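This briefing sets out the architecture of one protein chain and then turns to selected residues. Please keep the sequence and the model in view while reading.

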Amino acid sequence: MQRLHWRDYLPEGTAYHIRRYPIAELGPARGLFGHAHNFCEIFFADGDGLWQNLNGSRIPVPRGTLCRLLPEDWHGMFCDRPEQAAGDLINVALCHETANCDWPQPESERSILVPEAGRQALLLAFRELEEDVERRNAAIAYFLQTACYWWHKPAAESMPRLPDWLQCAVVRARRARTVPDVAEFARWCNRCPAHVGREMRRHCGCGTREFLAGVQLHRAAQLLAEGRTSLKEIAADTGFAHIASFHRAFARRFQCTPQQYRAARNRRIL
């Protein structure tokens, strides 16, 4: 069995490694297959035709499956019929401490099937990882927050696809320098606030105000992970008038203080 090492994949100073594999190129398993490694991996199946060997068990991996693998897991991803396969398998490798967020315990399930809204959110987060050429902690922090959020969403909560007008506004809010308020977000959607709120609850499971508060706090988490800005500046930059309000909101969202979050995200194992 092949054993992979963290240092072979990441140059010093980078926080993660990301790669896309066309499922048709993975091929079927032959003979003794699989590998282990001393780092964590997250896989997302954006296509069909996959299965996984995980610690000796054959597990189907349909489109929309999010997989979490721990150090010392023995595994491999395969496709028995490449000629019928479609789509990509996306893989993120990261060290154990970087991956240590609000995941289930190790003995819990290692994969879930996310609803359509979750699939779209994860693909947006993957795209941001791919665009981050420096492979920074801030980018992986946002991705992990997104992955953990959808991991805890009940699989039965199947949500329909976001309308184009709402998806464009959601992406714009996440990338805007200043997070909009409810009225401005509705103007971006070219809809009235009440209608936008109903569609947000239907497609994303939360109201507009709650969604924008989440964007605000994710922005704060990214700044904390980068480590170059003071807490007072981060609070002001993300729309909090008082640092005490920022501390309370951040602790409710992430179950830790901003200082604890910054310390955890800046640790490395290379």
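Contact, as used throughout, means heavy atoms within 4.5 Å. The model is a predicted one, in which local features need pLDDT of at least 70 and side-chain atom pairs count only at pLDDT 80 or more, while totals for chains, interfaces and linings use all residues. Residues are numbered from 1 along each chain as its sequence is written, and side-chain values use heavy atoms, with hydrogens and water left out.

**Overall composition**

- The protein chain holds nine helices and 10 strands; helices (H or I, at least four residues) and strands (E, at least two) are DSSP runs, numbered from the N terminus.
- Of its 270 residues, 51% count as buried; buried means under 20% relative accessible area, exposed over 50%, and partly exposed in between (1.4 Å probe, protein chains only).
- Among contacts in the protein chain with a separation of 6 or more, 74% come from residues 24 or more positions apart.

**The five-stranded sheet**

- Five strands form an open sheet in the order E2-E9-E4-E7-E10, and their pairing is antiparallel; two strands pair if DSSP finds at least two bridges between them.
- Strand E2 (17–22) and strand E10 (111–113) are the edge strands, each pairing on one side only.
- On average, neighbouring strands of this sheet are turned by 15 degrees against each other, direction ignored; axes are lines fitted to C-alpha atoms, for helices over the stretch in contact, and angles run from 0 to 180 degrees between N-to-C directions.
- Three bridges join strand E7 (residues 65–69) to E10 in the antiparallel sense, and Leu66 stands opposite Ile112 in E10.
- Helix H1 (residues 116–131) packs on the sheet, where it touches E2, strand E4 (40–48), E7 and strand E9 (86–94). The direction of H1 makes about 120 degrees with that of E4.
- Helix H2 (residues 137–151) also packs on the sheet, touching E4, E7, E9 and E10. The direction of H2 makes about 115 degrees with that of E9.

**Strands E5 and E8**

- Strand E5 (residues 50–54) and E8 pair in the antiparallel sense over four bridges, with Gln52 opposite Met77 in E8.
- In strand E8 (residues 75–78), His75 and Met77 point one way and Gly76 and Phe78 the other way; all are buried.

**Packing of H1 and H3**

- H1 and helix H3 (residues 164–175) pack with their axes 12 Å apart, at an angle of about 40 degrees.
- The two helices H1 and H3 are therefore oblique to each other; angles under 35 degrees count as roughly parallel, over 145 as roughly antiparallel, 65 to 115 as roughly perpendicular and the rest as oblique.
- H1 passes H3 in a right-handed crossing; a crossing is left-handed if the near helix is turned anticlockwise from the far one by less than a right angle, and right-handed if clockwise.
- Gln120, Leu124, Glu128 and Glu131 in H1 meet Gln167, Val171, Arg174 and Arg175 in H3.

**Cysteines**

- The count of disulfides is zero, where a disulfide is a pair of cysteine sulfur atoms within 2.5 Å.
- Cys40 is buried at 4% relative accessibility, and Cys67 is buried with a relative accessible area of 1%.

- Asn190 is found in the loop between helix H4 (182–189) and helix H5 (193–204). Although not a glycine, Asn190 has a positive phi of about 60 degrees, and at 66% relative accessibility it counts as exposed.
- Thr208 has its place in helix H6 (residues 208–226) and is buried, with a relative accessible area of 5%. Leaving aside neighbours within four places in sequence, Thr208 is in contact with Val182, Phe185, Val196, Gly197 and Met200.
- Thr229 lies in the loop between H6 and helix H7 (231–237) and counts as buried at 18% relative accessibility. Not counting residues up to four places away in sequence, Thr229 touches Ile234 and Arg262.
- Phe240 is in the loop between H7 and helix H8 (243–254) and is buried, with a relative accessible area of 15%.
- Beyond its neighbours within four places in sequence, Phe240 is in contact with Gln216, Leu217, Ala235, Ser245, Phe246 and Ala249. Phe240 and Leu217 are 23 residues apart in sequence and 10.0 Å apart in space, C-alpha to C-alpha.
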